[in-house]
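This report describes selected features of the structure shown below.

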Amino acid sequence: MEPSYMPVESEAKRPRSMNGGSASRVEKLALVIPTLHEVESLRGLLTRVRAVLDTVGVPYEVVVVDDDSGDGTDEVVSAIAQEDPRVRLLVRKGRRGLAGAILHGWESTDAGILGVMDADLQHPPELLPELLTALLEGQDLVIGSRYARGGRLSEWSAVRRLISAAAVLVTRPLQRPRLRANDPMSGFFLVRRHCVQEVAFRRTGFKLLLEILVRGRIGSVREVPFAFARRSAGSSKASLSVAREYVLLLVSLYGKRWDFGIRRVLVRMAGRTYGAKGPEATCAAAGSRLLP
Ligand SMILES: Nc1nc2c(ncn2[C@@H]2O[C@H](COP(=O)(O)OP(=O)(O)OP(=O)(O)O)[C@@H](O)[C@H]2O)c(=O)[nH]1
Ligand SMILES: [Mg+2]
């Protein structure tokens, strides 16, 4: 059977560390695959992911985080994990939420490079070497991007395209100008651990990347284009409750932004009142008096 993915470039680029660099000097990658009723595509996905990662010379583990799907996911992953200890299964009972599942997987590892991809074969594992290359070249965050030049959405209806474009548009004012991504809703990305450590992200939402872009300790971002494939099996988890969670995330992020803006105005006013010189002195002066 033809693979359902469509790599944008015919030959995936290899991380530089493969060429001469010893794997032990390279940080480990922990790739989380969140699953909810995805057993049909999981075996094929894990085979492809391992085949690709085996060629790159980077130590890695693949962590499947399943929210108790009860569809045989645990048997499939456990069987593979028995042969290959780099594959791990975590089952969350009584909990749901994509962002929480990803964070759960990341919290279970000491890897310096954290990643995530969907289980339904919409994200081509063959892009992983290129994502890793960009990260090892010094980027903090590397995104598999449907909206970067050269990326594609396949077979989405006009309505879904429109909703997606609008959802991206409303994130523009939130994103930091120097770090702005065209696809802040992607579920396919790698990030350095220190960029997300000790940041309290929302666990209920679907769009962790957006929150990382806005609230993470990110110094650089690169987008790598790819063609988002059609779902090969199973059913979509994108639903009204996912849309609701997205609105709540936006409200929370805009709320923090406006709160911060108001505080800055207060700080400036306080600076004038107390006659502090320069922004730092102003902050110090106002911070001790006005801010909680
Ligand atoms: N563990 C866990 N995984 C989830 C949850 N919701 C979604 N996922 C997984 O997250 C990934 C993305 O979900 P999808 O349903 O593919 O979302 P989507 O790609 O935006 O929508 P489609 O294009 O319709 O597939 C898939 O691997 C899902 O199985 C959840 O609550 N818990
Ligand atoms: Mg999907």
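## Structural report

Helix 7 (residues 208-215) is largely enclosed by the rest of the structure, because seven of its eight residues are buried. A residue is buried if 20 or more other C-beta atoms lie within 10 Å of its own, exposed if 12 or fewer, and partly exposed in between, with C-beta atoms placed from the backbone. Helices (H or I, at least four residues) and strands (E, at least two) are DSSP runs numbered from the N terminus. The buried residues of helix 7 are Leu-208, Leu-209, Leu-210, Glu-211, Ile-212, Leu-213 and Val-214.

This is a predicted model, in which local features need pLDDT of at least 70 and side-chain atom pairs count only at pLDDT 80 or more, while totals for chains, interfaces and linings use all residues. Residues are numbered from 1 along each chain as its sequence is written, and chains are lettered from A and ligands numbered from 1 in the order in which they are written.

Tyr-254 lies in helix 8 (residues 240-274). Tyr-254 is partly exposed, because 14 other C-beta atoms lie within 10 Å. Its C-alpha atom is separated by 8.9 Å from that of Pro-173, 81 residues apart along the chain.

Around ligand 1 there are 20 residues (C-beta atom, placed from the backbone, within 6 Å). Pro-34, Ala-101, Ala-119, Ser-236 and Lys-237 come nearest.

| Element | Residues |
|---|---|
| Strand 1 | 29-35 |
| Strand 2 | 60-66 |
| Helix 3 | 98-107 |
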